[in-house]
Amino acid sequence: MTYVSNEDLFPVWREPRSFWERTGLSARQRHGLDVALTALVVVLLAGWVYSVAAAIREGRAPQMARRIGVEVNPLSETAPPPAAFLLQTALDRFAQATDYAGESGAVRVIEELPGEGLAHPDSLPPGVRVTYAPVGKPGAAPDTAAAPSSPGVWNVLLQARDAIRAVPDLSVITLVPRSRVRGGILGGYHLGTWPEKGGIYTPPRGFIEVTPQNEDTYVSEHIQLKDFLTKGQAGVWPKYVAMSPRLLDKLELTFQELEREGHPVKNIFAISGFRTPYYNENGGDTSGRAALSRHMYGDAMDVVIDNDHDGYMDDLNGDGKVNVKDARVLAEAAQRVEEEHPDLVGGIGVYAPTGAHHGFVHIDTRGYRARWGAW
C-alpha cells in the first residue's frame with residue numbers, strides 16, 4: 001500500500017522566490033492602475049470638448065458632425081465615396097419608374113427619338129445621373145445628354161460621382177426618324193414606302209439602326225435584334241428595322257404560358273420579324289402576303305419554338321411527330337395570353353408545314369382580334 005501525505009493532496013502556499021513568479025496585481029497595484037486610466041479618459045474627454053468648442057467658435061462644423069449630419073448629401077463632391085447600396089437603390093427606383101419590362105417582365109429595351117430622354121428621371125436620388133454607352137463599341141466615351149442624339153443601341157449607366165453601375169437587362173434604342181427616309185431609301189438600305197392610311201396603318205415613327213456590332217443585342221429574354229431583320233440586302237450595312245416593345249411583351253408572355261404548361265422555351269427561331277414594304281412587295285415568294293402586312297409595322301413575328309436549334313418547330317405535344325398540331329400548341333398559348341391581356345389583342349395565324357418549315361405561328365398586336373390558317 002502506497003502512502004500519500006496531506007502535503008501532496010493540498011500543497012502548502014509558499015512565498016514567490018522572484019518577481020517573475022508573481023501572478024496578478026496586488027490591491028495597491030490595482031488601485032494605481034485605476035487612477036491612471038481614469039486620468040487618461042479625463043484628458044481625452046477634455047481634448048474632445050476643447051476641439052468641439054473651438055470649431056463652433058470659429059464657425060466650423062466638427063469633423064464627425066460633418067460626416068454624419070443628415071443635411072449632407074452623401075453623393076456631393078465633398079462626401080466620401082458613395083456606398084454600393086445607394087446605387088442599388090437608384091437601380092431599383094429606375095426600374096420601377098420606367099416600367100420598361102412590360103407585363104412579362106422580360107422586355108429589355110426602351111425606344112426613343114433623339115433627345116426624348118427616359119421617363120421619370122426625377123425618381124433617381126440627388127446626385128445620380130443617367131449616362132449612355134454605345135453597344136458594341138468598347139471604350140467609346142459615354143453620352144451624358146438627356147438622350148443620345150445619334151442613332152443606335154445604348155447601354156444605360158447610372159453614375160454617382162466616380163461610381164458607375166450598368167442597368168441590367170436594358171438597352172435604350174435611339175431611332176432614326178422616319179423623316180430621314182428619302183425615296184424609300186435610308187442610307188443605302190431600301191425600305192420602300194408605306195401607304196398613308198392612318199390608324200393602325202400609320203407608318204413607323206422611326207427605325208432602329210442595326211449593325212454587325214449590335215445585332216446580337218437581346219431586346220427581350222428570348223429575342224435578339226437580328227430576329228427582326230428583313231431578308232435580302234445581305235451586303236448592306238447598317239440595316240434598319242421597326243420593332244414594337246408591345247409585341248415583345250406578348251411573345252414573352254406566350255413563352256411563359258408554354259412553360260407553365262410544361263413546355264420549356266430555351267430558344268426560338270424567328271422566320272420573319274420586320275418586313276420592309278420593299279421586300280413585302282418584291283422579295284421572295286410574295287403569294288399569301290397581305291399588302292398591308294403587320295410585319296411592315298414592326299408588330300408581328302412568325303415564330304417557332306426551336307430548343308434543338310435545327311430551325312424547325314419542336315415536338316410540343318409530345319406525339320413523336322413535328323406537324324401542324326405543334327404549331328397549334330403555340331397558337332393556343334398566344335390566345336390565352338390575349339384573354340388575360342386584352343390590351344395585347346391581335347392576329348394569330350397557324351401555318352401548316354411546308355417544304356421550308358415544319359409549321360409556324362404568326363403573332364401580332366394589331367389591336368383587334370384576327371384568326372386564320374390551320375387551327
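**Exercise 1. Decide whether Tyr297 is buried or exposed, and find its aromatic partner.**

Step 1. Tyr297 has a relative accessible area of 9%. Buried means under 20% relative accessible area, exposed over 50%, and partly exposed in between, with a 1.4 Å probe and protein chains only. Tyr297 is therefore buried.

Step 2. This is a predicted model, in which local features need pLDDT of at least 70 and side-chain atom pairs count only at pLDDT 80 or more, while totals for chains, interfaces and linings use all residues. Residues are numbered from 1 along each chain as its sequence is written, and side-chain values use heavy atoms, with hydrogens and water left out.

Step 3. Rings of Phe, Tyr and Trp (its six-membered ring) pair if their centres lie within 6.5 Å; planes under 30 degrees apart count as stacked, over 60 as edge-to-face and the rest as tilted. A search of the whole structure gives four aromatic pairs.

Step 4. Tyr201 lies in the loop between strand S7 (189-190) and S8, and Tyr297 in the loop between helix H6 (277-282) and S11, so the pair ties together parts that are 96 residues apart in sequence. Helices (H or I, at least four residues) and strands (E, at least two) are DSSP runs, numbered from the N terminus.

**Exercise 2. Classify the pair of Tyr351 and Phe360 and the accessibility of each ring's residue.**

Step 1. The Tyr351 and Phe360 rings are 4.5 Å apart, centre to centre, with 10° between the planes, which makes the pair stacked.

Step 2. Tyr351 has a relative accessible area of 30% and is partly exposed. Phe360, at 11%, counts as buried.

**Exercise 3. Describe helix H7 and what its buried residues pack against.**

Step 1. H7 covers residues 324-340, which is 17 residues. From first C-alpha to last it reaches 25 Å, close to the 24 Å expected at 1.5 Å a residue. The expected span is 1.5 Å times one less than the number of residues.

Step 2. At the start of H7, a side-chain oxygen of Asn323 comes to within 3.0 Å of the backbone nitrogen of Lys325.

Step 3. The buried residues of H7 include Val324, Leu330, Val337 and Glu338. They pack against helix H5 (245-260) and against strands S11 (300-305), S12 (347-351), S13 (360-364) and S14 (370-373). Contact means heavy atoms within 4.5 Å.

**Exercise 4. State how many residues the largest nonpolar core has, and which element gives the largest share.**

Step 1. A nonpolar core is a set of buried Ala, Val, Leu, Ile, Met, Phe, Trp, Tyr and Cys residues joined through side-chain atoms within 4.5 Å. The largest one has 56 residues, and those with the most contacts inside it include Leu191, Phe207 and Ile305.

Step 2. H5, S11 and H7 are among the elements that give two or more residues to this core. H7 supplies the largest share, seven residues.

Step 3. Phe207 touches residues including Leu175, Trp194, Tyr240 and Phe274, leaving out those up to four places away in sequence. A second, separate core has 19 residues, Tyr132 and Trp154 among them.

**Exercise 5. Work out how strand S4 pairs with S1 and S3.**

Step 1. Two strands pair if DSSP finds at least two bridges between them. S1 (residues 109-112) and S4 (residues 163-174) are parallel, over four bridges; Val109 stands opposite Ser171 in S4.

Step 2. S3 (residues 152-160) runs antiparallel to S4, with eight bridges. Here Trp154 faces Val172 in S4.

Step 3. Two residues lie between the strands in the hairpin of S3 and S4, where Arg161 takes a positive phi near 55°. Asp169 also has phi near 55°, a positive value in a residue other than glycine; Asp169 is in strand S4.

Conventions: A polar contact is a pair of N or O atoms within 3.5 Å; within protein, one must be able to donate a hydrogen and the other to accept it, and residues adjacent in sequence count only if both atoms are side-chain atoms.
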